[in-house]
Amino acid sequence: QLVESGGGLVQAGGSLRLSCVAPESIYRVNAMGWYRQVPGKQRELVATITSDNSINYADLVNGRVAITRGDAKNTVYLQMDSLKPEDTARYYCNAKVRTAVWASYDVDYWGRGTQVTVSS
């Protein structure tokens with residue numbers, strides 16, 4: 001439902017920019033965010049941004065990442081700088097979606113993830 005891109009292999013200290021696009025057919029995309037997961041561990045928050053650009057960062061990445069939304073509001077980006085080997089994970093995009101004008105609550109949409117690998 002969401003399509004992520006931008007992952008890859010990078011050396012420690014390097015940068016990556018992740019992108020995520022939600023379908024244009026969605027009635028309204030509210031908050032969007034990025035989460036990450038390594039095998040055997042729970043998925044954890046990286047950053048979120050609301051429709052009015054209120055932002056929240058996880059302590060582990062604060063100061064090294066920046067989340068932004070595109071003008072179309074159905075896209076979200078994650079700029080990651082000063083990457084560390086411990087940032088290696090599969091990164092997932094999330095969107096809180098209002099599927100129709102008559103819907104009274106948001107639904108969680110997820111992407112399939114994009115792999116980020118940071119070598120030491």
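A residue is called buried when its relative accessible area is under 20%, exposed when it is over 50%, and partly exposed in between, using a 1.4 Å probe and protein chains only. By this criterion, buried residues account for 42% of the 120 residues in the protein chain. The structure is a predicted model, in which local features need pLDDT of at least 70 and side-chain atom pairs count only at pLDDT 80 or more, while totals for chains, interfaces and linings use all residues. Residues are numbered from 1 along each chain as its sequence is written, and side-chain values rest on heavy atoms, with hydrogens and water left out.

We may begin with the overall fold. The protein chain has 11 strands and zero helices, where helices (H or I, at least four residues) and strands (E, at least two) are DSSP runs numbered from the N terminus. Its radius of gyration is 14 Å, close to the 14 Å that the globule rule gives for 120 residues, so the chain is as compact as a globular protein of that length. Here the radius is taken over C-alpha atoms, and the globule rule is 2.2 Å times the number of residues to the power 0.38. Along the principal axes, the C-alpha atoms of the protein chain fill a box of roughly 50 × 25 × 20 Å. The accessible surface of the chain comes to about 6600 Å², and 48% of that belongs to carbon and sulfur atoms; these areas come from the Shrake-Rupley method with a 1.4 Å probe, and for residues only the protein chains shown count as cover. Among contacts (heavy atoms within 4.5 Å) between residues at least 6 apart in sequence, 56% join residues at least 24 apart.

Strand pairing comes next, with two strands taken as paired if DSSP finds at least two bridges between them. Strand S1 (residues 3-5) runs antiparallel to S3, and three bridges join them. Within this arrangement, Ser 5 stands opposite Ser 19 of S3. S3 is also joined to S8 by six bridges, again in antiparallel fashion, and Leu 18 has Leu 78 in S8 as its bridge partner.

The torsion about the S-S bond of Cys 20 and Cys 93 is about -85°, so the disulfide is left-handed. Both Cys 20 and Cys 93 are buried.

Thr 75, located in strand S8 (residues 75-80), is likewise buried, with a relative accessible area of 11%. Leaving aside neighbours within four places in sequence, the contacts of Thr 75 are Cys 20, Val 21, Met 32, Thr 68, Arg 69 and Gly 70.

In soluble globular proteins, nonpolar side chains tend to be buried together. A nonpolar core is here a set of buried Ala, Val, Leu, Ile, Met, Phe, Trp, Tyr and Cys residues joined through side-chain atoms within 4.5 Å. The largest such core has 29 residues, and Trp 34, Val 76, Leu 78, Met 80 and Tyr 91 have the most contacts inside it. At least two residues of this core come from each of S3, strand S4 (28-37), strand S5 (44-49), strand S7 (65-69), S8, S9 and strand S11 (114-119). S9 gives the most to this core, with five residues.

Asn 53 has a positive phi, near 65°, in a residue other than glycine; it is found in the loop between S5 and strand S6 (55-57) and counts as partly exposed at 42% relative accessibility. Ser 82, in the loop between S8 and S9, has a positive phi of about 50° although it is not a glycine, and its relative accessible area of 42% makes it partly exposed.

Finally, Gln 11 in strand S2 (residues 8-11) is exposed, with a relative accessible area of 62%. Not counting residues up to four places away in sequence, Gln 11 touches Val 118 and Ser 119. The C-alpha atoms of Gln 11 and Ala 31 are separated by 31 Å, while the two residues lie 20 residues apart along the chain.

Technical notes
A disulfide is a pair of cysteine sulfur atoms within 2.5 Å.
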